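Let's take a friendly walk through a protein model together. Keep the sequence and the 3D view side by side as you read.

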Amino acid sequence: MKKAAYVAFIGRPNVGKSTLLNSILKEHLCITSKKHQTTREKILGIDTYDDFQFVYQDLPGYINPHNELQKKMKEDVENGIKDADIIIFMVEAGEKRESYSELISIVQKHPDVILVVNKIDIQNIDPGWEELADEMGWNIITLCALNGKRVDRLKDILEEKAPEVESFYYDKDYLTDRSERFIVKEYIRETSLEIYRSEIPHELFVDVVNMIEEEDIIKIKAIIYVARNSQKGIVIGQNGKMIKKLGKESRIKLEKFFSKKIFLELNVKIKEKWFNNESILSGMKKDYGVWE
Ligand SMILES: Nc1nc2c(ncn2[C@@H]2O[C@H](COP(=O)(O)OP(=O)(O)OP(=O)(O)O)[C@@H](O)[C@H]2O)c(=O)[nH]1
Ligand SMILES: [Mg+2]
């Protein structure tokens, strides 16, 4: 008999959810960064073995929303909890459980929770996490998502917990439910999180207007949308310095991911307060298309 499970990553921003999923998949599928609110939308990472299939849902960090985009991010988290057979509730080792009380009360309604205590390479574990797991009857595992330490132990626990199924949810070769375009957009956004100061990457989004794959090259044309006129000049930089940097560093990452030469053209446009614009936000949700 086969086993399969939908597994949702739940936690505050920046605790390392996307880093952990990448570590499990051994692929840089989900973007990560030092800044909060890196993940904006649900993305599935699919990991299949002879008798097991795990369908991981990387989700945005749980926050109280201040705009329509953040409302959608919160909805994604709530739906993720509903859809999941198992929840990985992720916290930072050195933090106090008291600062997670709202999230704990939401997560504890789910019947199957694993408490993952992350960043043990740089933080001492607060004793509150052991106590919480004891009180709730949750499995607890401490690990380092960044270097993959003890990630295999987590997979063993998931294997034990996964329900039996007639057949897998996805073809065994699939890595994600998202399209290649989505990955391109996310990689450019990840680079923007690295090179611009905080407010800029949080207030931009990327659209791919054209992506053509030829025998030895993928040609991509993308637009960076900013929310205010004043941000356009910052994204471009003096004499185009910053947009060139964004293009070059994104291209290097994309060439590694696709194992192919990339030509990347970037333009910058303004869409005033796009993060409150319903039609733009629902348009962003279109990037599905299962691939290997
Ligand atoms: N030292 C250390 N850093 C880590 C570890 N796991 C993640 N990080 C870092 O923590 C930061 C946040 O990681 P992400 O994976 O983007 O966090 P996230 O929970 O997905 O964040 P959101 O998408 O904003 O909700 C990145 O700079 C990671 O490199 C870890 O085990 N140890
Ligand atoms: Mg993330």
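Asparagine 14 sits in the loop between strand E1 (2-11) and H1. The model you are looking at is a predicted one. Most residues other than glycine have a negative phi. Asparagine 14, which is not a glycine, has a positive phi, near 75 degrees. Is asparagine 14 buried, partly exposed or exposed? With a relative accessible area of 25%, asparagine 14 is partly exposed.

Now look for lysine 119. Its phi is positive too, near 65 degrees, and lysine 119 is likewise a residue other than glycine. You will find lysine 119 in the loop between strand E5 (113-118) and H4.

## The magnesium ion

Next, find ligand 2, the magnesium ion. Which residues coordinate the magnesium ion? They are Ser18, through its OG atom, and Thr39, through its OG1 atom, at 2.0 to 2.1 Å. Serine 18 belongs to helix H1 (residues 17-25), while threonine 39 is in the loop between H1 and strand E2 (43-48), so the pair ties together parts that are 21 residues apart in sequence.

How covered are these two residues? Serine 18 has a relative accessible area of 8%, and because buried means under 20%, serine 18 is buried. Threonine 39 counts as buried as well, at 10% relative accessibility.

## Salt bridges

How many salt bridges does a search of the whole structure find? The search finds 21 salt bridges. One to locate is between the side chains of lysine 155 and aspartate 47, at 3.8 Å from N to O. This pair links distant parts of the chain, with lysine 155 in helix H5 (residues 151-161) and aspartate 47 in strand E2, 108 residues apart. Are lysine 155 and aspartate 47 buried or exposed? Both lysine 155 and aspartate 47 are buried.

Another salt bridge joins the side chains of lysine 172 and aspartate 173, also at 3.8 Å from N to O. Here lysine 172 is exposed, with a relative accessible area of 59%, and aspartate 173 is partly exposed, at 40%.

## A bridge from strand to loop, and a network

Glutamate 213 and lysine 260 form a salt bridge as well, and their closest N and O atoms are 2.9 Å apart. Glutamate 213 is part of strand E9 (residues 204-213), and lysine 260 is in the loop between helix H9 (241-258) and strand E11 (261-270), so this pair ties together parts that are 47 residues apart in sequence. Glutamate 213 counts as partly exposed, at 48% relative accessibility, whereas lysine 260 counts as buried, at 18%.

Salt bridges can also share partners. In this model, such bridges join Arg197, Glu199, Glu203 and Arg228 into one network.

## Charged patches on the surface

Turn the model to view its surface. Which residues gather in a patch of negative charge there? Glu98, Glu130, Glu131 and Asp134 do. Aspartate 134 is in helix H4 (residues 128-136), and at 63% relative accessibility aspartate 134 counts as exposed.

A patch of positive charge is also on the surface, where Lys221, Lys232, Lys269 and Lys271 gather. Among them, lysine 221 is in strand E10 (residues 217-226). Lysine 221 is partly exposed, with a relative accessible area of 36%.

## Apart in sequence, together in space

Finally, compare distance along the chain with distance in space. Glycine 80 is in helix H2 (residues 68-83) and is buried, with a relative accessible area of 0%. How many residues apart in sequence are glycine 80 and lysine 42? They are 38 residues apart in sequence, and 8.1 Å apart in space from C-alpha to C-alpha.

Histidine 110 gives you a second example. Its place is in the loop between helix H3 (101-107) and E5, and histidine 110 is buried, with a relative accessible area of 10%. Histidine 110 and isoleucine 87 are 23 residues apart in sequence, while their C-alpha atoms are 7.6 Å apart in space.

Definitions and conventions
Residues are numbered from 1 along each chain as its sequence is written. Chains are lettered from A and ligands numbered from 1 in the order in which they are written. This is a predicted model: local features need pLDDT of at least 70, side-chain atom pairs count only at pLDDT 80 or more; totals for chains, interfaces and linings use all residues. Side-chain values use heavy atoms; hydrogens and water are left out. Donors are N, O and S atoms within 2.8 Å of the metal (3.2 Å for Na, K and Ca); water is not among the atoms, so sites may look incomplete. Helices (H or I, at least four residues) and strands (E, at least two) are DSSP runs, numbered from the N terminus. Buried means under 20% relative accessible area, exposed over 50%, partly exposed in between (1.4 Å probe, protein chains only). Patches are made of residues with over 30% relative accessible area and no salt bridge: like charges are joined within 9 Å, nonpolar side chains (Val, Leu, Ile, Met, Phe, Trp, Tyr) within 5 Å. Accessible areas come from the Shrake-Rupley method with a 1.4 Å probe; for residues, only the protein chains shown count as cover. A salt bridge is a side-chain nitrogen of Lys or Arg within 4 Å of a carboxyl oxygen of Asp or Glu. Lys and Arg count as positive and Asp and Glu as negative; His and the chain ends are not counted. The place of a charge is taken as NZ of Lys, CZ of Arg, CG of Asp or CD of Glu.
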